[in-house]
Amino acid sequence: MPSKTRSAKPKQKENLESQAKVVPTKAVQVQSAGKDVLAKLEEQVQSLTKLADDYLDQGLLGHHEEASQMRDSAAKTLKDVSSRLGLAPDHLAARSESAKPPKLTPAQGISSSSRAAAEPKRPSDEEPCPAADVGAVPVDAAARASAEADTSANAVPGWSQPAGQGGSGGSALPLPRYRWLPQAEGNGATLEVLGPNSGSAAGAATSTSESDEPPEIDVAERVVRCSWHQSKWTLTVPLGFGADSAQCSVVRKRRTGLLQLTLTPKQASPPADQEESRALCAKISGPGCSWMDGFVAGAEADSVRSRLLDLWRGGKFEPGEVEGGRKARVGSDEYLYLEEGDPILSIFTRRLDKLVLQLTKEVPSLRGKWLMRGRAMAAVYAGPGSRYTPHFDAVGGDNGRMVTCILYLNPFWRKGDGAELQIWPEAKTLMPEGACLEVEPLHGRLAVFLCDSQNLHEVKPVTGDHAEPRLAISFWYYDSKDGLRHREDEADGDP
Ligand SMILES: O=C(O)CCC(=O)C(=O)O
Ligand SMILES: [Fe+2]
């Protein structure tokens, strides 16, 4: 069987050759073990990233911070090991960053479906606002040309609604109305405004009445204000960017009295958020309060406001305790603790958590504290006399509250309506003393102050007969370690 012998030899050789191919060298073995280690580290980074995000979603800032630090250290080890093994973890680095908060477009909350049907241009219907009418805002030809869009106010839903028809109080008089037009992100904003006496949003064909009065328009850093002096209305709406007033423009439709404001961001705006939150940290480090305008801006602020109004009109709010009542609340507002998962809150709670996280790094008395966001409380002050008398939000750590953040949602608030937040930073008891600060409850404004046995404050009585109900959402950040200890004490029957 020579042929058999002959054929066996080459086969053996072939086996040996193929074995030689699969036997790994020492270097290959090390590399493969290294890859396993890297995969495990990568997994760790990913799960710590998720954990940190989950904590942030729940407003557990201290826990978030700890998980983030562990994530960062795992990511560093991953980087070190991979560079020692000569494997670049390009794809890993990107994953170690926290997921970004959900971003809503400026158009969110308003339907843009029917805006596509643009009206033919009617130049005679447009007129630049006389300089006296528009304050510092010049009329810009380019903006005029772009004002060809359908301006019939009933064509697109999303016009602001008066709040007054809900519970008690509120205005029976016609209010100005406004809406934000959809805009590409970073491109500024376009606001349409109808004065209190101009063609109604429900019947846009109505021509402007004699009494239609163009407002004075004032573009400040993060706020646009329209004031109708005769009818005494003011509309103040927040912008999510620093506007360049020299670049902003206004076009007025003569037929309906509709104003179209084109609001342009400042060129090379610095990362305002960071700068502003640093300034806020510095301000609240001592006694007192600070605030940020446009914390929630544009159509987002309106969506939050609409949601509160719906809940309020739906009778979901509870009356606040009257003065002398047994419970801690001594106010004549109506309030509602919002559901943790209410999607309307996710528009801005992450932004808020990040701001408060920064406070725990920069405000000396909060440094190293593990803070935790409590449930959001919406409050409505409606009708003359509605108020909340001077109080502290916490006394001697009794309820764990450390920081108060209040978001105001009142586009039609006017000086004279009352309901300002008033703070006495030097007061040590419930008796107001020393200098006092006043915060106007303007739409999109966020007020922040330290609240444990400091910053005595009140909501001044609503004074305007025709004031719109005053809306706000309060958030308290608790010391989570204290919170946990209280919980354990309660479990032991020792509250
Ligand atoms: O809404 C405000 O300005 C303050 C409300 C307040 O002090 C509270 O609810 O404890
Ligand atoms: Fe308070």
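A residue counts as near a molecule or strand if its C-beta atom, placed from the backbone, lies within 6 Å of it. Keep that cut-off in mind for the ligand stop below.

**Before selecting anything**

This is a predicted model, in which local features need pLDDT of at least 70 and side-chain atom pairs count only at pLDDT 80 or more, while totals for chains, interfaces and linings use all residues. Residues are numbered from 1 along each chain as its sequence is written, and chains are lettered from A and ligands numbered from 1 in the order in which they are written.

Colour the protein chain by pLDDT, the predictor's confidence in each residue, from 0 to 100. The mean for the chain is 77, and 71% of its residues reach 70 or more. For the complex, the predictor gives an ipTM of 0.99 and a pTM of 0.77.

Helices (H or I, at least four residues) and strands (E, at least two) are DSSP runs, numbered from the N terminus.

**Stop 1: the domains**

Select domain 1 (2-96), domain 2 (113-263) and domain 3 (272-491) in turn. Their bounds come from an automatic or database domain assignment. Where domains 1 and 3 touch, the contact takes 6 residues from domain 1 and 11 residues from domain 3. On the domain 1 side, helix H3 (residues 61-84) gives the largest share, 3 residues. By class, that side has 3 nonpolar, 2 polar and 1 charged residues. Here Ala, Val, Leu, Ile, Met, Phe, Trp, Tyr, Cys and Pro count as nonpolar, Asp, Glu, Lys and Arg as charged, and the others, Gly among them, as polar.

**Stop 2**

Select strands S4 (216-219) and S6 (233-238), the edge strands of the next sheet, each pairing on one side only. The sheet is open and antiparallel, in the order S4-S5-S6. Two strands pair if DSSP finds at least two bridges between them. S4 and strand S5 (residues 223-228) are joined by 4 bridges, and Asp-218 has Arg-225 in S5 as its bridge partner.

**Stop 3: a sheet of 4 strands**

Move on to the open, antiparallel sheet ordered S14-S19-S16-S17. Its edge strands are S14 (388-391) and S17 (437-439). Strands of a sheet pair through backbone hydrogen bonds, either parallel or antiparallel.

His-391 stands opposite His-457 in S19. Next, S16 and S19 share 4 bridges, and S16 is joined to S17 by 3. Select Leu-421: this residue stands opposite Val-459 in S19 and has Val-439 as its bridge partner in S17.

**Stop 4: ligand 1**

Which residues surround ligand 1? Select Ala-379, Tyr-388, Asp-393, Ile-406, Leu-421, His-457, Val-459, Ala-472 and Ser-474. By class, this shell divides into 6 nonpolar, 2 polar and 1 charged. Strand S19 (456-459) and strand S20 (470-479) each supply at least two residues of the shell. Leu-421 and Val-459, seen opposite each other at the previous stop, are among the residues around the ligand.

Methods:
Two residues are in contact if their C-beta atoms, placed from the backbone, lie within 7 Å.
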